[in-house]
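Here's a quick tour of a two-chain model, written for someone who likes to see the numbers next to the picture. Have a look at the structure first, then read on.

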Amino acid sequence: MEALLVNYVEKSLEQYMRRNAVFLCERLYAEFPSEVNLQLLARCYLNNNQPHSAYYILKGMQMAQSRYLFAIACLEMDLFCEAEAALLPVPNGAAVQYLLGIIYRDTDRKNKSIEHFRKTLSIDPMFWAAYEQLCMLGEAEEAAVCFGDATVPCVQEHYLGNASSCLQIADTDHSSDSSQRFGLEYLSRSDLKQREGNNIRVMCENNHGGPILTGAVRQSKNSCCSTSFLSTPSPVPTQLSDVAPPPLVRNIHLRQSEDSLRPNTQARGKFACDNESAQIRGSLFFDSGLRRSARLAVGHRSLNTSQGSENKAKSLHASTKLSSETCSSTFYQGKLMETYEVAVSEFGATSSSLSSTTDVKSIQHEIENTKLSSFISDSATIKSGISNTMKLLRTLGEGYRHLCMFRCKEALNVYQKLSSKQYNTGWILSQVGKAYFELVDYLNADYAFSLARQISPYNLEEMDVYSTVLYHLKQDMKLKYLAQEMILVDRFAPQTWCAIGNCYSLQKDHESALKSFQRAVQLNSRFAYAHTLSGHEYVIMEDYGKGVECYQTSLHVDARHYNSWYGLGMIYLCQEKFEFAEHHFRQAYQINPLSSVIMYYLGTTLEVLKRSEEALEMMETAIVIDNKNPLPKYSKAKLLLTLGKLNEALEILEELKECTPRESCIYALMGEIYKRNKKYDKAMLHFGIALDLKPSIVDVAKIEAAIEKLIIPDEMEESL
Amino acid sequence: MATESSESEEEGKITGGNQHLIVEDDLREMGKKAAWSVSSCKTGNGVSSLRDDNLETYWQSDGAQPHLVNIQFQKKVKLQLVVLYVDFKLDESYTPSKISIRAGDGFHNLKEIKTVELVKPTGWVYLSLSGNDPRETFVNTFMLQIVVLSNHLNGRDTHVRQIKVYGPRPNPIPHQPFQFTSREFITYSTVR
C-alpha cells in the first residue's frame, strides 16, 4: 500500500495535481510515518506553495535531505537563522552551498557568502546562479576560469559516473546519471532566467534534485559510501521492492518539470517542441501501465551503484529479481536515452553529430533501435557537448561579469560573440539593453529592449531598467504601454510597479509614483532598485530625510547599487554638506568608474569645495570617457573661467555651441566671458540669444540683470 | 495665470476670480516651509483652515482691523505670487475688500509692496509680487504679511478660505548657475 501511495503521490506531483498530491501524501504519512515519507510530504507542501507547512513538519528532523528541505522552507519564509542552523553540519552538494551563500548574503555576511558561492562553483561548475551572485557582489573571477576547459572533465565525470565499470545496469546508470546531470543543467539553466528572490520556490523545486544528484555523484567520485549524504540508500536493499526512493523520481520529476517550466529558453523553438514530445512520451509511459515501482527500482539500482561497489552486488541481485520487468526498464532507458539524446543535441547544437532536428519521433525510434553499448561510445559526443556548453557559459559569464562591473563596452563585445540563436533571446537582449543604458546611450538601449520584448514579452527581469530608459527619453506613450503590458503579465512583480511608478513620475505625479514604488518594495523588499526610485521621488518632493532612508535601505540590500550612492551624494550636495557629498560620489565612482555623469557630479562637488585642479582633472577624465556628454565640457569651461583662462573656456564653449545649439546656458556663459573680456557687443549678442532660447524665469532675471550691468559700463565709456 | 481685469500702477482693482487654481509649472508652492500666524481668530476657524486645502473651511478673524496673516521663512526666499480664495457669494460682508501685502525681515521693518482692492471676488484671486522690471520678478524676503484693511459692506471680521504662496522652482541640479534647457543637457544631468 505504501508503495502504491508513493507512486501515486509522485505521479500527481509530476502532473501538477498538487492538492491531490498533498492529500494523498498526508494519508501516506499518517499510515506509514517515516522520515522519507515526511520528506515527500514536505516536497508536496513546497510545491503547493505552503512553505509554512513544510516548515512545521520538518522541524527538528536530522536527515540531510530533511534539513535541506527545511532550509528551503525557512528561506521562503525569510527565517534566515533557522535556515542557517538547519544547514549545519553542511550536507554535500552544490545547491546546499548556494543556499548557504544566499543566507549569508541576506544576513550581511558578505565574505562568507562569497566563499560559499565559490564552493558551489567548484563543486558544480555549471551552477550559473552562483556565478551570477558572485558577479552581483562584485567578486566574480573570470569566466574563463570558472567555466574553463579545466572544468570539462569535472562535468564529464558527473555524467559518465560509473559507465566504465558497469554492465547494462551501468548503462542505465549512465543514462539515469546523465538525466540527473541534465536535471541539474536544466535547473541551472532555469536559474539563469530567474532571480532567486522572486522565484526561489521554483529554484528550490529544481534544487531538490541538486544536492541529491551531486551528493550521489560526489559519492561516486570519492568512491566511498560511508555516511552517505543520501541516507535514503541505507535502508535501500529492504526497500527495493517497496518504496521508490524520492531522489531519482525527483530527477524525472525535475526533468519533466524543467521541460514544462521552461520560461525562457535559449534554444527556444526546438525545445518547445521537445517539451511537448517529452510530455507526450511521459504520458505514454504512464498510460502504458508499466509498474512504476519497477521503473523506480531500476533507477534506484542505478543510484545504488553510484554509491559504490558494496551495494552493487545487492543491486545486481535486485536487478535479476526484477528482470521480468525488463521490458519496462528498456522502455525507461529508452525514454531516458531519448531525452538525453534530445538534450545533448540541443546543447551540442553547433557541432553535435546527432541530428538536431525537430522530428523528435524519429529520434525516439532511432534510439529504441540502438544498442545500449553504442551508447557508451557516444562519450565523445558527450565531451564535445560539455565543452560546447562550457564555452557558452564562459561567454555568458564573461559578458555578465563585465556588465556587473560596468565595463559596458567589453560586455557588449562579448555578447556579440554569441551565436545569433543565443543572442536573439530575451535575456541576452535585455542585458545588451542594460549595457547601453549604463553607457547613457538610451536610443540603442530602447532598441535592444524592444527587441527583447518582442521575443519574450513575458520576461519582466530587466524591464524596470527599460522603463527608466523610456523615462529618460521622455516617451510617455511607450512607457504607459510598457506598464500596461507588464501588468497583464504579472501584477505582482516589483518590476511592474517600478515601471508604473516611472510613468507617474514622468507625468510629474510624484505622490502616485512614490506609492507605486512603495508597492514594489512591499512585493519584494530585496529589490534594491525600488528603494532607489523611492529615494529619487522623495528628493524631487524635497523630503530629504525620507530620501536618505530609502537610499540607505537600497544600499543595505545591494551595496553596489551606485545610483543610491549618487542619490545620497545629491542630497548632501543640496543640503550643502559637501564633504559628505564628495564621499558618496566617490563611492559611486569607485563602483562605476566609467560613468561620466558621476564624474561630473564629483567634479562639481570638488569645485564647490574649491579644489579646482582636482575638479578640472575629473572633468577632463569625464570628457575622455564619454565625448558625447556636454556637461563636463560645460563645467570645464566654467572652471577655466574661474581660473582666468578665458580663451580656452571660449574655445570649449564654441565647440559645445556646435553640438547643442539650443542650450541657453552656453550663451549665457559666453556672454559672461565676453563681458570679462570687455567685448560688450559680443556679450550683448550672446545674452540676447540666451534669452531667446527661453530659459527659466530665474535665469531670465539673471541674464537681464547681467545685460543691465553691461549697459552701464557702455554709458560710462561714452561719457568719458 | 488668471486674467486680471484692470490694474493701475499702485492700486489695482480686481473683480471676479478663477474657479480653478492654475499656476505655471516653474512655480512652486513655498508655504510648507513657512510659519503661519494670524492676528486673531475665532475658535474653530483658526490659521490651519488657511492651509488645509479645503475650501469649505475658512479663517475668521476676531478683533480690530487691520487683520494680519504673517508668513515667516527660516531663510530668505524668492516669492513671486500670492493666491487667495475668497468668495463674496458665500461670505458677503466677511469678504475682504482692501488687501495690502508687506515684506521685510521681521515685524519691525515690513514695507508695503502691493495694495489691491477686490470687488466682489468669487474664487481664486492672483496677486503677483513682480515689479515691472524683469529684474524684479521676485521678492526676496524673510517674511511676508498679508493685511486685510477693510471688508465688503464694512464688515468688521473677515473670512479667508485658503492662501497659497508661490516662488520659482529651484534648479534641480544644485550648484549650477543656470538651469538647462536643451534635451541633451537634461538627459546627461541625472542618474536615475
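## Chain B on its own

Keep in mind that this is a predicted model. Chain B has two helices and 13 strands. Along the principal axes, its C-alpha atoms fill a box of roughly 55 × 35 × 30 Å.

## Where the chains meet

On the contact count, 32 residues of chain B touch 58 residues of chain A. Putting the two together buries about 3,800 Å², and carbon and sulfur atoms give 62% of that. Which three residues of chain B supply more of its buried area than any other three? They are Phe178(B), Tyr188(B) and Arg192(B), which supply 28% of what chain B buries against chain A.

On the polar side, 14 residue pairs are in polar contact between chain B and chain A, counting pairs with both residues at pLDDT 80 or more. Helix H2 of chain B (residues 183–187) gives the most to the side that touches chain A, with three residues. By type, the residues on that side of chain B split into 13 nonpolar, 10 polar and nine charged.

## Salt bridges

Over all chains, the structure holds 24 salt bridges. Three salt bridges run between chain B and chain A. A cross-chain example pairs Lys33(B) with Glu542(A), at 3.9 Å from N to O.

Within chain A, the side chains of Arg118(A) and Glu141(A) form a salt bridge, with an N to O distance of 3.9 Å. Arg118(A) sits in helix H8 (residues 110–123), while Glu141(A) is in the loop between helix H9 (128–137) and helix H10 (143–146), so the pair ties together parts that are 23 residues apart in sequence.

What is the helix content over residues 494–527 of chain A? That stretch is 79% helix and 0% strand, and its end C-alpha atoms are 7 Å apart. Residues 664–697 of chain A are 79% helix and 0% strand, with the end C-alpha atoms 12 Å apart.

Methods:
Residues are numbered from 1 along each chain as its sequence is written. Chains are lettered from A and ligands numbered from 1 in the order in which they are written. This is a predicted model: local features need pLDDT of at least 70, side-chain atom pairs count only at pLDDT 80 or more; totals for chains, interfaces and linings use all residues. Side-chain values use heavy atoms; hydrogens and water are left out. Helices (H or I, at least four residues) and strands (E, at least two) are DSSP runs, numbered from the N terminus. Contact means heavy atoms within 4.5 Å. Buried area is the accessible area (1.4 Å probe) that two parts lose on being put together, summed over both. A salt bridge is a side-chain nitrogen of Lys or Arg within 4 Å of a carboxyl oxygen of Asp or Glu. A polar contact is a pair of N or O atoms within 3.5 Å; within protein, one must be able to donate a hydrogen and the other to accept it, and residues adjacent in sequence count only if both atoms are side-chain atoms. Ala, Val, Leu, Ile, Met, Phe, Trp, Tyr, Cys and Pro count as nonpolar, Asp, Glu, Lys and Arg as charged, and the others, Gly among them, as polar.
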